[in-house]
Amino acid sequence: MSYIIIREICTCPLEIVHDIIKGKWKTMIIYQLKNGNTSLAQLERDIDGITQKMLLQHLRELQSCAIVDKIKTEGYPLHVEYFLTDRGRKLLEAVLIMQEIGIEFMLEWGQTDLLDRKGINYKK
């Protein structure tokens, strides 16, 4: 299992959260899990550019910090779904605020085409 390296000595609790979510894909994974249980294949489809290897690595790291967990359904083929834990849902609140800030910047830079393609509502 992959584990996130969290510094043992820190000067601020935010350093720990930074250690947990650092990386290109983790906040996007958390965001994609906002609506509930999701399969690996669906996460891979929903996150443009992520490889299955990187997705699995980040999911394992998020599991090691109790942000994400998974349910395995017995049988063939094996079916696995990932979901946010209580801690993960708390972190989702911060991710949603981060998305709002990103939308503000994209609007300032005139990048509404990407928001439209992604189906992200930005009209108030």
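In what order do the three strands of the open sheet lie? In this predicted model, the order is 1-3-2, with antiparallel pairing. The protein holds six helices and three strands. From the N terminus on, these elements run α-α-β-α-α-β-β-α-α. The C-alpha trace spans about 45 × 45 × 25 Å along its principal axes. Of the 124 residues, 31% count as buried. Among contacts with a separation of 6 or more, 44% join residues 24 or more positions apart.

The edges of the sheet are strand 1 (38–39) and strand 2 (68–73). Each has a single partner strand, so one side of each is left without a neighbour in the sheet. Strand 1 and strand 3 run antiparallel and are joined by two bridges. Thr 38 has Tyr 82 of strand 3 as its bridge partner. Ser 39 stands opposite Glu 81 in strand 3. Six bridges link strand 2 to strand 3, and this pair also runs antiparallel. Here the bridge partner of Thr 73 is His 79 in strand 3. Strand 2 and strand 3 form a hairpin with five residues between them. In the turn, Gly 75 has a positive phi of about 115°.

The two faces of strand 3 are set apart by cover. Val 80, Tyr 82 and Leu 84 make up the covered face. His 79, Glu 81 and Phe 83 make up the uncovered one. In a regular strand the side chains alternate between the two faces of the sheet. Helix 4 packs on the sheet and touches strand 2 and strand 3. The direction of helix 4 makes about 110° with that of strand 2.

The largest nonpolar core has 22 residues. Which members touch the most other members? They are Ile 29, Ile 30, Leu 59, Ile 67, Val 68 and Tyr 82. Six elements each supply at least two residues of this core: helix 1 (13–21), helix 2 (26–32), helix 3 (40–46), helix 4 (52–64), strand 3 (79–84) and helix 5 (86–108). In soluble globular proteins, nonpolar side chains tend to be buried together.

Neighbours within four places in sequence are left aside. Ile 67 is then in contact with Ile 20, Ile 30, Leu 62, Phe 83, Leu 84, Thr 85, Arg 87, Gly 88 and Leu 91. Gly 23 follows helix 1 and has a positive phi, near 125°.

The structure holds one aromatic pair. Phe 105 and Trp 109 form this pair, which is tilted. The ring centres are 5.4 Å apart, with 50° between the planes. Is Trp 109 buried or exposed? Trp 109 has a relative accessible area of 58%, above the 50% cut-off, and is therefore exposed. Phe 105, at 41%, is partly exposed. A charged side chain also meets a ring: Lys 34 lies over the face of Tyr 31, at 4.0 Å from the ring centre.

Terms used:
Residues are numbered from 1 along each chain as its sequence is written. This is a predicted model: local features need pLDDT of at least 70, side-chain atom pairs count only at pLDDT 80 or more; totals for chains, interfaces and linings use all residues. Side-chain values use heavy atoms; hydrogens and water are left out. A nonpolar core is a set of buried Ala, Val, Leu, Ile, Met, Phe, Trp, Tyr and Cys residues joined through side-chain atoms within 4.5 Å. Buried means under 20% relative accessible area, exposed over 50%, partly exposed in between (1.4 Å probe, protein chains only). Helices (H or I, at least four residues) and strands (E, at least two) are DSSP runs, numbered from the N terminus. Contact means heavy atoms within 4.5 Å. Two strands pair if DSSP finds at least two bridges between them. Axes are lines fitted to C-alpha atoms, for helices over the stretch in contact, and angles run from 0 to 180 degrees between N-to-C directions. Rings of Phe, Tyr and Trp (its six-membered ring) pair if their centres lie within 6.5 Å; planes under 30 degrees apart count as stacked, over 60 as edge-to-face and the rest as tilted. A charge sits over a ring if NZ of Lys or CZ of Arg is within 6 Å of the ring centre and within 35 degrees of the ring normal.
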